[in-house]
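My entries follow in the order in which I looked things up.

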Amino acid sequence: MKKRALALALVLSMTFGLTACGNGNSTSQGSNGGNTTTAQADSGSGETAAPSQAGAAGEAKTPQDFKKFKIGVMESQSNDSTVLRRNYYENYIAPRYNVEFVFSEQVKSAEDEMNFIENCVDMGVDGIISYRSSPDVNQIIQVCEEYELLYSVNTTRTPMVEDAFTGGYQTMTGVWGTEPSIVSNEFKEWIKSVASEDGSEGFMVTSALAFQGNTMHAECTQGVLAALQDIYGLTYEDTIENLAATSVPLEVPNDKGLNIYIYPGTNSTSDNWVQGASTALQTGKYGVFLQAAPTYGYTGVAVDEVERGFDMNIKVAVNASISDTLVTAFNTDDKFGNSSLDMATVQSVSFLSAMGFIQVYNHLTGYEHLNRMANGEPAFFNMPIWALSSREQVNQAATWDNAEKETWIFNEDAINAALGICNPDLTNEKLVDYYKSITLDWVIEHMS
Amino acid sequence: MENTKENKLPQGTRKLGVMDHIRIIRDKPMFPLIFPLTVLILIIAGFGIATEGGFFRKTVLMGVFNQALIIATVSTAMTFVFAAGNMDISVGSAMAFSAVAGVYAYNATGSVFFMVVVCLVIGVVLMSFNGFIHAMFGVRTIIISIVMMQLYSAIVSLILGPDTVSIDYGLCRQLENAGFRNISFILFFVFCMILFHSTSVGRKLKFVGGNARCAQQTGIQYKNTVLISFAVAGLGVGLSAVFSIIRTSTVGTTLGAGMGMDVMLAVVLGGMSIFGGSRSNAYAGLLGAVTVSALNKGLLMCDVSPMLIQGVRGIVFLILVFLNSERPATLPSAQD
Amino acid sequence: MSTEHEILVQVKDMCKNFGVTIALNHVDIDIRRGQILGLIGENGSGKSTVSSIIAGIQPPTSGSMTYKGHPWSPATALEAARGGIGMIVQEAGTIGSISVAENIFLGNYEPFKTGPIINKKKMVAEARKALDKIGVEDIDPSLPAGLYDMQDRKLIEIAKVMYHEPELIIVDETTTALSQKGRDLLYKLIHDGAQKGKAVVFISHDLEELMEHCDKMTVLRDGVIIDSFPREQFDPEDIKRKMVGREISGQYYRVDEDGYSSQVVLKADCITTMSSLLCFSMELHKGEILGIGGISSCGMHELGRALYGLEDVVDGKVVLMKDEKVITGAKSAFDNGMGYVSKNRDTESLELNASIEANIQSTGYKKNRLFGPFISPAKEKSYAARQIETLAIKCINGRQKVKAMSGGNKQKVVFGKWIADDADILILDCPTRGVDVGVKASMYQLIYKMKQQGKSIVMISEEMPELIGMSDRILIMKDGRINGEFFRKDGYQQHELIECMI
C-alpha cells in the first residue's frame with residue numbers, strides 16, 4: 001500500500017512538472033474558467049455577425065463596438081511555433097481586439113477535427129482558424145457550413161482543396177499561406193549555391209507530412225528534387241510529385257547514381273522517426289540535409305555526431321519559423337566552427353497567425369468582401385517568407401516575434417492596416433498587395 | 001455430514017478496519033457497474049457546475065455520447081477478447097482497412113447496405129484471422145496483433161497514399177441526423193450484453209481468462225471460445241468502421257491510429273481489467289469511452305489549456321486505474 | 001523420557017495477524033534441548049506460522065521470543081539460520097539450474113572465494129562432506145540439481161540445513177514429499193540430533209508418524225494451544241478430538257462390505273502415453289470405488305489425466321462403455337458425464353480469483369439454461385447455493401472469492417461443482433491432500449454416498465490408509481504398469497501393498 005501511494009505521488013509530481021513546463025511560455029491570462037456563453041449559444045450556433053451590424057462601407061468602428069467574438073484555433077502540430085502562437089493570440093490579440101480564443105490539442109485526423117468543431121459549437125464559437133492542411137478540408141468546410149461556423153485554413157489553393165473554393169460556401173473565408181513554390185525556389189537557389197560539381201556528397205530530404213498531403217512540405221521536397229534535376233541533368237524513374245509523396249523512406253534511383261534519400265514523417269508520426277533519420281545520416285552518405293518541417297531540433301544531435309565521426313561538414317537547410325530553437329541552432333557551432341544550421345526559410349509566427357485572425361475577423365465584422373475575389377470565390381492570401389543564411393541575420397530575427405518583450409513583427413498597427421473596420425475603403429486587391437509588401441527589408445525597417 | 005454451520009466470521013477475527021470494508025464493498029457483484037458509473041456522473045456533474053449549467057445542455061451531452069461512439073463500439077466488442085486474457089492492438093488498423101473497403105464498396109454500388117455488410121465482413125475476417133493464428137499456433141495474441149497492425153496499416157497506406165477516399169457527405173449527414181449510428185450502437189450493445197451475460201459465452205471467456213487449465217477440465221474448449229471472442233471483436237471493428245465513415249465521410253491513413261491504446265484505456269476506466277478473468281463484463285467499454293469523451297469535452301469547455309488538459313486527463317486516469325487495481329492480500333502458502 | 005531438559009527457545013504470548021484473520025492467539029511454547037516436540041493441528045491452526053516466526057521468515061505481530069536465554073527477533077531467515085535455527089520446509093527449495101553444491105552453499109559462497117573467483121572444486125568437496133554427514137551417498141554434488149527427482153532434491157535441502165549444525169531443527173510437513181528411504185533418513189537425523197542435545201520441532205498432519213517419533217506433542221487449533229501431551233500420555237482419539245474441537249461422529253472411512261456391479265463403465269484399452277504408460281489396460285465398474293496407489297512417479301497421476309482426456313493417448317483408447325464413446329479430450333469426457341479432481345488444486349481445479357458461486361456454476365452452463373442458449377440466473381444461484389449448504393462450505397456468502405479460503409474449504413468447492421454436475425464417473429487425484437481431518441471425514445462419507453448412488457469413482461492417492469479405508473479394489477502401479485490388484489473382500493494388508501509399490 002505504501003509503495004503504491006509513493007508511486008502515485010511520484011507520477012503525479014512528474015505530470016505536474018511536465019504540464020507546468022509545457023505551459024511555461026504562455027501565461028494563463030487567456031483562460032478564464034467558467035465563462036458561460038449560454039446566452040449566445042442558445043441562438044443555435046456560432047453566428048456570423050450579421051452584415052447589417054456594420055455598414056458595408058460605413059464609418060470606421062472599434063473592436064469594442066462588437067460583441068466579444070470567440071475563435072477556435074485548430075493546431076496540427078505541437079512545437080515551438082504553436083506555443084508562440086498561443087501566446088500571441090491570447091496575450092496580444094485577445095485584449096486588444098475584444099476576442100476570446102479556444103485552442104485544440106494536436107489534431108491528427110479528420111475525426112479529431114470533427115470532435116474539436118463539435119466542441120467549439122457547444123461553446124458558442126464563431127469561427128475557426130485551422131492550421132491543419134489536408135484533403136479533409138473539403139469535408140470540414142461542409143461541416144462548418146452546417147453549423148454556420150466560419151472556417152479559415154492555413155494552406156494554399158491546390159487541387160486537393162479545390163472543392164472548398166468552388167462549392168459556394170458562405171462560411172468559407174478563404175485560405176492563406178505561402179506559395180510553396182516560393183519556398184522551393186529558395187531551397188533550389190541554396191542547393192545551387194552549396195552543391196558540388198558532381199553531386200557526390202549525397203542529399204537527404206525529410207519530406208515531413210508530404211505523404212499526408214501537406215502542400216508546403218510536398219512542394220519543398222519537390223523543389224529539392226527539381227533543383228537536383230536541373231543542376232546535374234538527372235532523370236528519375238518516376239514523376240517528382242510521386243517521389244515526393246512517398247510514405248516510406250526512399251532512395252531515389254537516378255541515372256547518375258547520386259545518393260538522394262527521401263525520409264518522410266516527423267517525430268509525431270512515429271515513435272522511432274528520429275532513430276531512422278539518425279541511422280540514415282550515420283551512413284555518412286549524405287552531405288547536404290534539407291528539412292521540409294522544423295525537425296532540426298530532433299536531428300541536430302545526429303548531424304553533429306556524424307560530422308565529428310566522419311569528419312565531414314554537413315550542410316543543413318530547414319523550413320521553419322523564427323523561434324528560440326532556431327536561434328540556438330544557428331548560434332551553435334559545429335565541429336568546423338560553422339553554424340550548425342546553414343539556411344532557414346522562415347515564416348514569422350505573428351505574421352502567419354495574424355493573417356488567419358484578420359481573415360476571420362474581417363468576416364465577423366461585416367467585411368467579408370475583403371475575403372472574396374472578383375469572381376466571388378474565397379480568396380487566397382500569399383504570405384512571403386524570408387531566407388536567413390547567417391548567424392547575424394538570425395540573431396537579428398530573434399529580436400522579432402519575442403513573446404516576453406511583446407515585440408511582434410505583426411503588431412497592432414500592422415494588423416489595423418488590414419482590417420475593414422479601420423479602413424472601410426480597403427479592397428481585396430489592396431489587401432493582397434499589402435501582404436506582399438511585407439518583405440525582409442520592411443521588417444528590418446519597422447523593427448529597429 | 002457433520003454440521004459446522006459457522007456462517008458468522010470465525011472466532012477470533014478482529015473488528016474490520018477501513019481497508020477491509022473497502023475490500024468487502026469491492027467484492028459486491030454490482031460494484032463493477034456502480035463505481036465507474038458514479039465516477040462518470042460525478043465528472044459530468046462537476047463540469048456542469050464549472051460551466052454553470054452549460055455542460056448539461058442536451059446537445060452537449062449528446063455530443064459526448066456521439067464522440068464516444070466509435071471507441072465505445074470497439075471497446076464493447078473487445079471486452080470479449082480481454083475477458084479471456086488476450087489482447088489485440090491491431091483494432092485501429094483493422095478498422096481503417098475495413099473502412100477503406102466499405103468506402104470502395106459504396107462508391108461502386110451506391111448501396112449503404114452493401115457498405116455496411118462489407119465493413120462487417122472484413123472486420124470479422126481480419127480479427128478472426130488473428131484469433132485463428134493464436135488458436136492454431138499458440139502465438140501470443142499481443143505479438144500477433146503487433147505484427148498484423150503493421151501489415152494492415154501498410155496495406156491501407158499503400159491503397160490510399162497521401163490521399164483520402166470519401167463518400168457523399170450529404171448522405172452521411174442524413175444518416176447521422178436520422179440517428180443511424182446511435183440506434184445501431186444501441187442494438188449492438190444490447191446484443192453484446194446478452195451474449196456476454198445471459199449466455200454461457202461470457203462465463204466461459206471469463207473462466208478461460210481466470211484459469212485456462214481449470215476451464216479445460218470443465219469441458220471448455222479454449223480454441224472455440226477464443227475464436228468466438230475474436231469474431232465478436234471483428235463485428236465491433238467492422239461496425240465502428242461504418243461509424244467512422246459516416247462521421248467524417250472520408251477515410252485517410254490517420255484513421256484508427258492509436259485506437260488500440262484508446263480501447264484499453266476505455267476498458268480500464270470502465271472498471272474492467274485488461275487481463276480478463278472473473279471481473280470482466282461487457283459494459284466497461286461504453287462506460288470508459290463516455291468517461292474519456294466527457295473529460296475531453298468538459299476540460300475544453302472549461303477553458304483549460306490543451307497542455308494542461310493532457311496533464312489533467314493523465315491524473316484522472318491514473319487515479320481511476322489505481323482505485324481499480326487494488327487486490328486483497330492473501331494469507332501465505334503455509335495456510336494450505 | 002521426561003527428564004527436564006534445558007530450554008533452548010521460548011515463545012511468549014505471541015500473536016500474529018494476517019488482515020482480518022488471527023493466525024496465532026497468545027501462544028506460549030517451550031522448546032527444549034534433547035527433545036523432539038511434535039506440533040499437530042488442522043490447517044490454519046498456526047503450527048507452521050509459529051515455526052516460521054522462530055525461523056525468521058516472518059515477524060510476529062506481538063509477543064517475544066528468547067533463544068539460548070537471550071531475546072530473539074531475527075530480521076531474516078538468513079540471520080536465524082546463522083544463529084543456529086535450521087528449518088526444512090514442505091515446498092521445493094532447490095534451484096534446478098545450478099549444481100547441488102551451489103544449492104547447498106547458496107548465499108554462503110564466501111568461504112570458497114579467492115578474490116572474486118569461486119573455487120568450485122573446494123565447494124564440491126565440502127558438499128560431499130555435507131551429504132555424507134546425513135548419510136546420502138548417491139547424489140553427485142557437481143551435477144545440476146535439476147537432474148534429481150523431488151525426493152533427492154529434498155535431501156539436498158536437508159543436507160544444506162544440517163551442514164550448519166543447527167541447534168534447533170524444524171521439520172515442517174516435509175515427510176509427505178519423501179520416499180520411505182528419505183523419511184527414514186530424516187527420522188535418523190532428528191533422533192541423532194536429539195541425542196546430541198539439539199532441539200527438534202516436528203510438524204506434521206500425520207498423527208501416527210508423530211506418535212512414533214516425538215517425545216512430546218502439542219495440539220494447536222485456530223491459533224491457540226489446546227493441550228500438550230508427553231509421550232506416555234499419547235492418546236490418538238483424544239488428540240484427534242482436540243485437533244478438531246468436536247466429536248467426529250461416525251466412522252472415518254467406510255465400514256461396509258458392499259460390492260460393486262460387474263458392469264464395466266470405463267475402460268482403458270492398451271493405452272500408451274507420452275511418458276509413463278505403455279499399453280496400460282484397466283476397467284472401472286459401476287458403483288465401484290477403485291483405488292490406485294503407488295509411489296509418486298509410478299504413472300498413476302498420468303493415468304488419471306489420460307482417463308479424462310487430458311493426456312495425449314498415442315496408442316490405444318479410453319472408452320466410455322455406455323455408448324462405446326472414445327474419450328478424445330477433456331470436453332468429450334465432461335460432456336459425457338465424467339468429472340476430474342486434479343491433485344493441483346489451486347492451479348487446475350479452481351479459479352482462485354472467482355467467487356465460490358462462479359466456480360461451482362462452471363459445470364452448469366448447459367444445465368442452467370432457461371431456453372435456447374440463455375442462462376437463468378435463478379437456476380444458477382440455486383445450483384450453487386445447494387452445494388454450499390449441503391457441503392457446509394465455510395463462507396460469508398457465495399460471492400466470496402475462493403482465493404482466501406482454507407484448503408479443506410477449497411476442496412469442498414471442487415467437490416461441489418462435480419456433485420452439482422451429477423457426474424457419473426469421477427476421477428479423484430489426491431482428493432484429501434492438504435485437507436484437515438474434519439473435512440476429510442466428511443469427504444469420505446460423501447464418496448461412499450456417491451458409490452451408493454451408483455456412481456463410479458477412481459481414487460488416486462499417495463496415502464495408504466485412505467486407499468485401504470475406502471476402496472473396493474486397489475490397483476498398485478509401478479513404473480507405468482499394474483503391479484498388483486487387491487480386493488476389499490479379501491482384506492487389505494498394508495505391507496503387501498507397500499511391497500508392490502517399490
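**Entry 1: chain B.** The model is predicted, and I began with chain B, where I counted 14 helices and 2 strands. Of its 336 residues, 55% count as buried, and the accessible surface of chain B comes to about 13,600 Å², with carbon and sulfur atoms holding 69% of that area.

**Entry 2: chain A.** For chain A I noted 17 helices and 13 strands, with 57% of the 448 residues counting as buried. Chain A exposes about 17,500 Å², and carbon and sulfur atoms supply 50% of this surface. Of the contacts in chain A between residues at least 6 apart in sequence, 72% join residues at least 24 apart.

**Entry 3: domains of chain A.** I found chain A divided into domain 1, made up of 52-177, 349-385 and 405-447, and domain 2, which covers 180-347. The C-alpha centres of these two domains of chain A lie 31 Å apart, and the contact between them takes 17 residues from domain 1 and 18 residues from domain 2.

**Entry 4: domains and confidence in chain C.** Chain C is divided into domain 1 (7-244), domain 2 (248-337 + 425-502) and domain 3 (349-422); I recorded 38 Å between the C-alpha centres of domain 1 and domain 3 of chain C. The average pLDDT of chain C is 86, and 96% of the residues score at least 70.

**Entry 5: an open sheet in chain C.** Which strands of chain C form the open sheet, and in what order? I read the order as β14-β13-β16-β17, 4 strands with antiparallel pairing. β14 (280-285) and β17 (325-326) of chain C stand at the edges and have a single partner strand each, so one side of each is left without a neighbour in the sheet. Strand β13 (residues 264-273) of chain C pairs with β14(C) over 5 bridges in the antiparallel sense, and I noted that C:A268 has C:M282 in β14(C) as its bridge partner. Helix α9 (residues 300-307) of chain C packs on this sheet, where it touches β13, β14 and β16 (313-320) of chain C, and the direction of α9 makes about 115 degrees with that of β13(C).

**Entry 6: strand β23 of chain C.** Is strand β23 (residues 473-478) of chain C mostly covered or mostly uncovered? I found that 5 of its 6 residues are buried, so "buried" here stands for under 20% relative accessible area. Strand β15 (residues 289-293) of chain C pairs with β23(C) in the parallel sense over 4 bridges, and C:G293 has C:I476 in β23(C) as its bridge partner. With strand β24 (residues 481-487) of chain C, the pairing of β23(C) is antiparallel and runs over 6 bridges; here I looked up C:I474, whose bridge partner in β24(C) is C:F486. β23(C) and β24(C) form a hairpin with 2 residues between them, and in the turn I noted C:D479, which has a positive phi of about 50 degrees.

Terms used
Residues are numbered from 1 along each chain as its sequence is written. Chains are lettered from A and ligands numbered from 1 in the order in which they are written. This is a predicted model: local features need pLDDT of at least 70, side-chain atom pairs count only at pLDDT 80 or more; totals for chains, interfaces and linings use all residues. Side-chain values use heavy atoms; hydrogens and water are left out. Buried means under 20% relative accessible area, exposed over 50%, partly exposed in between (1.4 Å probe, protein chains only). Contact means heavy atoms within 4.5 Å. Accessible areas come from the Shrake-Rupley method with a 1.4 Å probe; for residues, only the protein chains shown count as cover. Domain bounds come from an automatic or database domain assignment. Two strands pair if DSSP finds at least two bridges between them. Axes are lines fitted to C-alpha atoms, for helices over the stretch in contact, and angles run from 0 to 180 degrees between N-to-C directions. pLDDT is the predictor's confidence in each residue, from 0 to 100.
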